[in-house]
Amino acid sequence: MKSHVRVAVIGGGVVGCSVLYHLTKYGWKDVVLIERSELTSGSTWHAAGGFHTLNADPNIAALQGYTIKLYKELEEISGQSCGLHHVGGLTIATSPERMDFLKAERAKHRHMGLETEILGPAEIAELSPITNTDGILGALYDPLDGHLDPSGTTHAYAKAARAQGAEIVLRNRVIELNARGDGTWDVVTEQGTIHAEQVVNAAGLWAREVGEMVGVTHPLHPMEHQYLVTDDIPEVYERETELPHVMDPGGESYLRQEGRGLVIGIYEQACAPWAVDGTAWDFAQELLPDNLDRIAESLEVAYHRYPVLERAGVKRVINGPFTFAPDGNPLVGPMPGRPGYWAACAVMAGFSQGGGVGKTLAEWMIEGEPSSDVFAMDVARFGDWCTKPYTRAKVTENYQRRFAISYPNEELPAARPLLTTPAYGIWKARRAVFGAAYGMEHVNYFAPEGEALFETPSFRRSNAFAPVAEECRAVREAVGINEIHNFGKYEVTGPDAEVWLNRIMANRMPAEGRIALTPMLSPKGKLIGDLTVAKLGPERFQVTASYAAQATHMRWFQAQLPEAGVEIRNVSMARIGFQIAGPRARELLQRVTRADVSNQSFRFLAVREIEVGLVPAIVNRISYTGDLGYEIYVPARHQVALYETLTEAGAELGLRPFGMRAMMSLRLEKSFGSWLREYRPDYTPAETGLDRFISFRKNDFIGREAAVAERETGPSRRLCTFVVEAADADVWADEPIWKDGEVVGFVTSGGYAHYVGKSVALGFLPVAMIVPGARVEIEILGELRPATLIAEPLFDPQGERMRG
């Protein structure tokens, strides 16, 4: 065993072996994998071995497609068979809501280049004669779906990695991980210590234990999962071709052929978290006791859906643990606050996602950033607020919802509320319907008296439609109040603060008392932040950004900090408050402060520290509603006092609270983009229009070279706004844009702009097609809806209200 390596990968399952292979594929040969037992001895060996591309996040779906297509390459390089069976897969729908979901997924696949199709009952019966099609409305068919040999595939990764220079050390448990002062690690094992420049936690069932070695509590938990293997069935082995996979989400089951019989697996409601207090180090290639009573109800449904099961004996029952994160996606990437320590864990669908995880991590380590936006599986999408009980509750919920419809407006109830502000009780008393992001509760909208405090999950317009319209009207015609706790907020101070901010931000930093809007770029010129910077003093700045991106942004900030001269504090929870917006917002603010807030004194994009009512506040003259507005930040302990001041003074002005649903509707009327929708690491400033906030005169900022190159060549696509002739459903995201029978672009987000009464979509089109008034079609739930490209915002196109 070597004494020094560039990377030590901990864990010999399919994920660890994929990471090892991809590191060698991209050029790093001085790498080692350390496994406590044998390869595949955790969850890998007992996996059912299915693979598919279906995923709610299009980038993860694309990585799953990459994984599936990689297996042929692996077999060629390694000489090891993966046991591939590309039989295709059917996801069936037994309700109109499920059909809406499948149509939305099919539409998404069109712009991703995935060749899926919607089939009817007769076509389903032809592909899978053993499926009882009673009650089935249709299915999504994916020709890439299939299954493989878990052991053979893992060994193929391992053999390919070895052939390219990697070392694999078996039967050697990692005992300690000790950080050196330079960001490297001493990996203490049973066979000795390795000095590793970087370590990767791919420990699967033991990822929690490995994380605790470095003081990290990874938000993941193992769940028991059962599937049955049947005896031989004539209807199976007498066929000339292999049966496709069939997923019956309504019945909570999946089915595939296994030799001359079948495999039937269940994701049951009465599920069981496993190893709550930790995974024993001596647990190896073991199964858990059968518990068929727990899945009896779902098995009964499966026997109805596949009648051949009634005549088949059960050869064996597999009950084994798999790890899940709270949202079901992997935990991948550099761990905030732990330089040189990387995560590649909670990959519950290892044979669908393992290749994509390995590719992403290797790109990130070697090139400094992944080739696509992977926030949906970034380990930093969860913060230190994510407690063990929270994780366990959300993992249980996610397991139960493995086959549930993912509605775009749905807010899941488990483990809530976790984080709240002092205003939570106020909003609750006013009949708020809440959502949550990054653990924090926020108001989506306010339900009228007599209506349920619950938004109906739907792909179509929900019961929130009318109340949200009223909230939008209040903002546009009087004044609205909305909480601003769901911004990430950072205070940057020190003698070199401005120099540092000018280095990491693409725009020039503002003068004292002013605000700058700025993108933050990766070295390759991709968007990694859409930020607002207010200069409060000579050496003091407030930076605001997406609340959910706190850990990712702090990870980047800390990686770029000099040794001295700059300090940064995350004050997201300490500094909260409200925004007020609408034509009477200035009148309201003037009533509660002695400061002069006239337009001559307090102009657009100005910041002032003034007293508002009883408390000191930082006030930004800006509003995401696109209207006259102010963001008023106060210490958390003063939030309720600020609320009482504003509501009392605003009563006769028509002050009304509004939630995030209204906020997102109002921003559409201004064609304002949103982080992780229009602005994300897949896109560049020139594509999205954020290049207007870049100061190219600055000679040195991260990403400048790439941004200058793009300015010279021009982007091939640009972000546009469309008015859609919608029916009862608006766009959400990822719908394809059609022109003359071809997919030419895709939607990034949209919805109904209530005040102007228009259905709006934002999305990308090729530059050559961008002409005001251009006509296209946008696919919404399987229907092509006419849409018109517009060149100006629908509300206040000259910005007179916003700036006046």
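Me: In this predicted model, buried means under 20% relative accessible area, exposed means over 50%, and partly exposed lies in between. Why does Glu725 count as partly exposed?

Reply: The relative accessibility of Glu725 is 39%.

Me: What makes Arg775 partly exposed?

Reply: Arg775 has a relative accessibility of 41%.

Me: Why is the contact of Glu725 and Arg775 called a salt bridge?

Reply: Their side chains meet at 3.1 Å, N to O. The rule asks for a side-chain nitrogen of Lys or Arg within 4 Å of a carboxyl oxygen of Asp or Glu, so the pair qualifies. Glu725 is in the loop between β32 and β33, Arg775 is in strand β36, and the two are 50 residues apart.

Me: What makes Lys535 and Glu498 a salt bridge, and which parts does the pair tie together?

Reply: The N to O distance is 2.7 Å, and the cut-off is 4 Å; the pair is therefore a salt bridge. Lys535 belongs to strand β24 and Glu498 to helix α13, so parts 37 residues apart in sequence are tied together.

Me: Why does the pair of Arg305 and Asp248 tie together parts that are apart in sequence?

Reply: Arg305 lies in helix α8 and Asp248 in strand β13, so the pair ties together parts that are 57 residues apart. Their side chains form a salt bridge at 3.6 Å, N to O, and both Arg305 and Asp248 are buried.

Me: At what angle do helices α5 and α9 pack, and why is α5 called roughly parallel to α9?

Reply: The angle is about 10°, with the axes 12 Å apart. Angles under 35 degrees count as roughly parallel, so α5 is roughly parallel to α9. Pro150, Thr153, Thr154 and Tyr157 of α5 make the contact with Phe351, Gly354 and Gly355 of α9. The contact residues comprise three nonpolar, four polar and no charged.

Definitions and conventions:
Residues numbered from 1 in each chain as written. Predicted model: local features only at pLDDT ≥ 70, side-chain atom pairs only at ≥ 80, totals over all residues. Heavy atoms only, no water. Axes fitted to C-alpha atoms, helices over the stretch in contact; angles between N-to-C directions. Helix = DSSP H or I, 4+ residues; strand = E, 2+ residues; numbered from the N terminus. Parallel < 35°, antiparallel > 145°, perpendicular 65-115°, else oblique. Contact = heavy atoms within 4.5 Å. Nonpolar A, V, L, I, M, F, W, Y, C, P; charged D, E, K, R; others polar. Buried < 20%, exposed > 50% of the residue type's maximum accessible area, 1.4 Å probe, protein only.
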